[in-house]
Amino acid sequence: MVDKTINLLDKKFTIFIEKKTIENRIHELANQLSDDYKGKNPIFVVVLTGGFIFASDLLKSLDFISEVYFIKVSSYAGLASTGKLNFELEIPKDKIVGRDIIVLEDIIETGLTISGVSQSLKTNGAKSVEIVSLLTKPSCFKCDLTVKYVGFAISDLFVVGYGLDYNQYGRQLNDIYQIVDAS
Ligand code: 5GP
Ligand code: MG
């Protein structure tokens, strides 16, 4: 039985997407990626920190073995996206050139972070770049963005759990919770 509400710091959150639903969707995404990338030897780029649990579960569900790299880009402070990109951890350029790249992201809000990441990979010589995001908020997109693989498209809510944090709390929750009162 899942607890329906939790407190993190000064905020209250209520259950939004349960673990089983997340697991089922991840298996569907993994099957799709396994079909689409068979024989292509793609590399995975995991966007830290929020993507670490999603990436771990998705990568374990694939039916092929591949290289996995991690990047860290900050663009978010507290509850509001700043839109400013800062690459704190990058992949060596020689790993990118000529490769089919699959970027694993936790959530896309304005799309500015993932657009910057995608653009940087292309500029550094990637053959192709596709994005897999567990969650997207299409009503918040501020740029022209194609996200080929989406776990769940949600409305404009602040969510935590399953890798996503509120000021670094809540990442290890198995389920995804939504904020009760964002004010
Ligand atoms: P974007 O650049 O698309 O506006 O922001 C993407 C980043 O903002 C995500 O990778 C994530 O770190 C953070 N973010 C956006 N929406 C949420 C949310 O609802 N909850 C949490 N915890 N982080 C979010
Ligand atoms: Mg992220």
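Predicted model: local features only at pLDDT ≥ 70, side-chain atom pairs only at ≥ 80, totals over all residues.
User: Why is L164 called buried?

Analyst: A residue counts as buried when its relative accessible area is under 20%, and L164 has a relative accessible area of 6%, so the label applies to L164. L164 sits in the loop between β9 and β10 (176-179).

User: Which residues is L164 in contact with, leaving aside its neighbours within four places in sequence?

Analyst: Contact means that heavy atoms lie within 4.5 Å, and by that criterion L164 is in contact with G50, D106, I107, L135, V159, Y169, G170 and R171. As for I176, this residue is twelve residues from L164 in sequence, and the two C-alpha atoms are 8.2 Å apart in space.

User: What makes R99 count as buried or exposed?

Analyst: The relative accessibility of R99 is 18%, and the cut-off for buried is under 20%, so R99 counts as buried. R99 belongs to the loop between β5 (80-89) and β6, and, not counting residues up to four places away in sequence, R99 touches N41, P42, I43, E67, A126, K127 and S128.

User: Why are β1 and β9 called edge strands?

Analyst: These strands belong to an open sheet of four strands, with antiparallel pairing and the order β1-β2-β10-β9. Within that sheet, β1 (5-8) and β9 (159-160) each pair on one side only, and that is what the word edge refers to here.

User: What joins β6 to β7, and in which sense do they run?

Analyst: Eight bridges join β6 to β7, and the two strands run parallel; since a pair needs at least two bridges, this is a pair by definition. Along this pair, V103 stands opposite I131 in β7.

User: Why is β7 described as mostly covered?

Analyst: Strand β7 spans residues 128-136, and seven of its nine residues are buried. Each of those buried residues has under 20% relative accessible area.

User: Which residues of helix α2 are buried, and what covers them?

Analyst: In α2 (residues 52-61), the buried residues are I53, F54, A55 and L58. Their cover includes α1 (19-36), β3 (43-48), β6 and β7.

User: How do you know that T110 makes a polar contact with ligand 1?

Analyst: A polar contact is a pair of N or O atoms within 3.5 Å, and an oxygen atom of ligand 1 is 2.5 Å from an N or O atom in the side chain of T110, so this pair qualifies. The side chain of D106 also has an N or O atom 3.0 Å from an oxygen atom of ligand 1, while a polar backbone atom of I107 is 3.4 Å from an oxygen atom of the ligand. The protein covers 92% of the 510 Å² of accessible area that ligand 1 has on its own.

User: What makes up the shell around ligand 1?

Analyst: Ligand 1 is surrounded by 18 residues, and the closest are E109, T110, T113, V159 and D165. The shell divides into eight nonpolar, five polar and five charged residues. Strand β6 gives the largest share, four residues.

Terms used. Residues numbered from 1 in each chain as written. Chains lettered and ligands numbered in written order. Heavy atoms only, no water. Near = heavy atom within 4 Å. Polar contact = N/O pair within 3.5 Å; in protein donor to acceptor, adjacent residues only side chain to side chain. Areas by Shrake-Rupley, 256 points an atom, 1.4 Å probe, with all protein chains shown as cover. Nonpolar A, V, L, I, M, F, W, Y, C, P; charged D, E, K, R; others polar. Buried < 20%, exposed > 50% of the residue type's maximum accessible area, 1.4 Å probe, protein only.
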